[in-house]
Amino acid sequence: MRLPPGVSRSDFSAAIAEFEKVVGSQWVFTSDEDLDLYRDAYSPFLNEPEERMASAAVAPSATEEVQRIVRIANRYRVPLYAISTGKNLGYGGSAPAYSGCVVLDLKRMNRIIEVNEANAFALLEPGVSYFDLYRYIQDRKLKVWIDCPDPGWGSVVGNAIDRGGGYTAANYRNHFDSHCGMEVVLPSGELLRTGMGAIPKAETWQQYKSGCGPWIDGIFSQSNYGIVTKMGFWLMPQPEAYMRCTVSLPRYRDLAPMVETLNYLENSRITAGFPDIASPLIGYPPIGQIQLWNEDGPPHMTDEHRKLLTAVDLGYSRELEEYGLKSQIPYWQLWLSFHGPMEVIEAQWQATQRHFARIEGAKFNTVDRVSVPLDPANIEHFHEPEFGIPSLRAFSIGARTPWNPTPSKGHMWFSPIIPRTGAAIIEANRVFSRAARDLGMPLFRSFTLPACFWERSFIFILATPVTEDPETNKRYREGFKKLIEIGGQQGWGEYRTAPVFQKSVMDVYSFNNHALQRFHETLKDAIDPNGVLSPGRYDIWPRHLRGKPS
Amino acid sequence: MGLLGRGSLAQDPQTFAAGRAVYTKWCAPCHDPGVTHPGTHALTVKYQGAKPGVLLERKDLSVNTVRVIVRHGISVMPQFRKTEISDQELDALAAYLARNTPSN
């Protein structure tokens, strides 16, 4: 039997026996074989002593069972680590942040409590995946869209509380922002409802977010202050039509005005679909089309073009720009999408073109103009998540393809938030490309364009592979930590990260001698005095484990 | 185990349906036909025509191979926990995917 650190064999055996009384022995796992299923499949410590391992796993099917398990954990001081569907691959998967925790596997709590079409919201348990919710909506022919990230098997609740993002309209893409109301089991075992849910008879739990008084939902995201057992989400009414258009710009210097114009249009809600920045001239695809490059291969490039690319600095050379102008290959291409009644989105696209036309040489193209729902035969033509359709297509990243003969074992996402300016894109490339070269980190391309999941900021997202070779993984891990530190010196910090990097990332958020972290610890001590819930998650440790190497 | 000699379970219509349901829920998004399914694309490239890239067309999958890969993962495919695919569901899935395989 594996043991949590500091827990005696007899106490642990007693706790396990009590867990079995709550959920039934078939839902308590203690054998090595079963616990290996809780390893992080993309762990950068794969097969090394530091790889995070569970001591047991327990899988409740209802909130009341979660409460009982938490009370037992307190009694025996057994640390728990809550997961939803456990598919947070690239950000920690189903493994605990602290080895020896009992994983509280909420996958069986998979009830879709309500999907309300009239006011476009849903109330869900944490085991519900995007696939589950999508099927539920399709089976009932409800006219609402979900907003999903690329991997469709993830938890709607879990992704939101890890503050993930998606691809539809701006006010739904930020999954935490689009939630409304939570039910939380506190580390004491007590049950709490937030927002209007705190009024016993309220019918507005999923209709008004903050209720009255301090709005505390944020502290239950990327943290260890409670176990979210229900969570509400605002859904997007199914739009009548969808249009996808491009703005193509010919010169390197057009990057800054492109971003500035995009910001104005998006902040004014003239365009609200997922904006996707590409560079046909540099050979950088829009995020929404990476899977097409993996499936069909990258677009053809002449030898002359390829040769010019070997001599660019920060994505630029005069010769490359001249080649682009001569060959009519845009330096930058902004993909924009619009959802709504056709006459409305046509007008939005017209206004968008008028604004971008101020940049000399701007060209416009309407790539797709379709009514919704899509013809099922047509779905694969699109990046499904941009239609709120979950898929696993994105796993072509790292998988074997004709263009990637050596598949990886997984990946970890380096994803700092940078300002939404053209200058910041170039500066991030300058800083990180030099650092990556020095550190021997494999950045996929010589110039990186950021992701526009969020309004108001960019995520400068880079995938770093996980391999089966410990030496290589060690170099990438250490390089990853160094990139975090270098980014922090510029004022850039990750929006989310895997447990093995959470300390490095939180160290960057250091204003006033780490006042934020100290506040997190004050909360932890007050809410979870025994430190039983998810110790170490986002580097928030209970008092008795603080200052120890994780 | 002797439990799953070729086809014994898969020939049972209930098990066949259960196996197909597990396949549809958990495997199809990556392993259905076509390059838009990364598992299929990867296996097609790996086998270079020696074997089909589509799992449902395979005639050499043993019950044990399916079990091992589902519980251990391979390449970017993660392992699956018992709260996702129970042992019973895995038996049905394995029997379903091995239905065309001569005695294994």
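What is the mean pLDDT of chain B, and what share of its residues reach 70 or more? The mean is 90, and 89% of the residues of chain B reach 70 or more. The legends below describe close-up views of a predicted model.

View 1. The predictor gives the complex an ipTM of 0.94. The pTM is 0.96. Residues 1–6 of chain B have a pLDDT below 50. This stretch still has eleven contacts in the model beyond near neighbours in sequence. Where pLDDT is low, predicted coordinates should not be read in detail.

**View 2. The interface between chain A and chain B.** Chain A brings 29 residues into contact with 19 residues of chain B. On the side of chain A that touches chain B, ten residues are nonpolar and ten are polar.

**View 3. An open sheet in chain A.** Four strands of chain A make up this open sheet. Their order is β1-β2-β4-β3, and the pairing is mixed. The edge strands of chain A are β1 (28–29) and β3 (80–83). Each edge strand pairs on one side only. Strands of a sheet pair through backbone hydrogen bonds, either parallel or antiparallel.

**View 4. The pairing of β1(A) with β2 of chain A.** Strand β2 of chain A covers residues 56–58. Two bridges join β1(A) to β2 of chain A. The two strands run antiparallel. A:V28 stands opposite A:V58, which lies in β2(A).

**View 5. Domain 2 and domain 3 of chain A.** The domain assignment divides chain A into domain 1 (9–107), domain 2 (112–237), domain 3 (241–380) and domain 4 (410–499). The C-alpha centres of domain 2 and domain 3 of chain A lie 32 Å apart. Five residues from domain 2 of chain A and six residues from domain 3 of chain A make the contact. On the side of domain 2 of chain A that touches domain 3 of chain A, three residues are nonpolar, one is polar and one is charged.

**View 6. Helices α13 and α14 of chain A.** Helix α13 of chain A spans residues 470–490, and helix α14 of chain A spans residues 499–508. Their axes come within 9 Å and cross at roughly 10 degrees. α13(A) and α14(A) are therefore roughly parallel to each other. From α13(A), the contact uses A:F480, A:K481, A:I484, A:E485 and A:G488. From α14(A), the contact uses A:F501, A:S504, A:V505 and A:V508. The residues of this contact of α13(A) with α14(A) divide into five nonpolar, two polar and two charged.

Definitions and conventions. Residues numbered from 1 in each chain as written. Chains lettered and ligands numbered in written order. Predicted model: local features only at pLDDT ≥ 70, side-chain atom pairs only at ≥ 80, totals over all residues. Contact = placed C-beta atoms within 7 Å. Nonpolar A, V, L, I, M, F, W, Y, C, P; charged D, E, K, R; others polar. Pairing = 2+ DSSP bridges. pLDDT = per-residue confidence, 0-100. Domains from an automatic or database assignment. Axes fitted to C-alpha atoms, helices over the stretch in contact; angles between N-to-C directions. Parallel < 35°, antiparallel > 145°, perpendicular 65-115°, else oblique.
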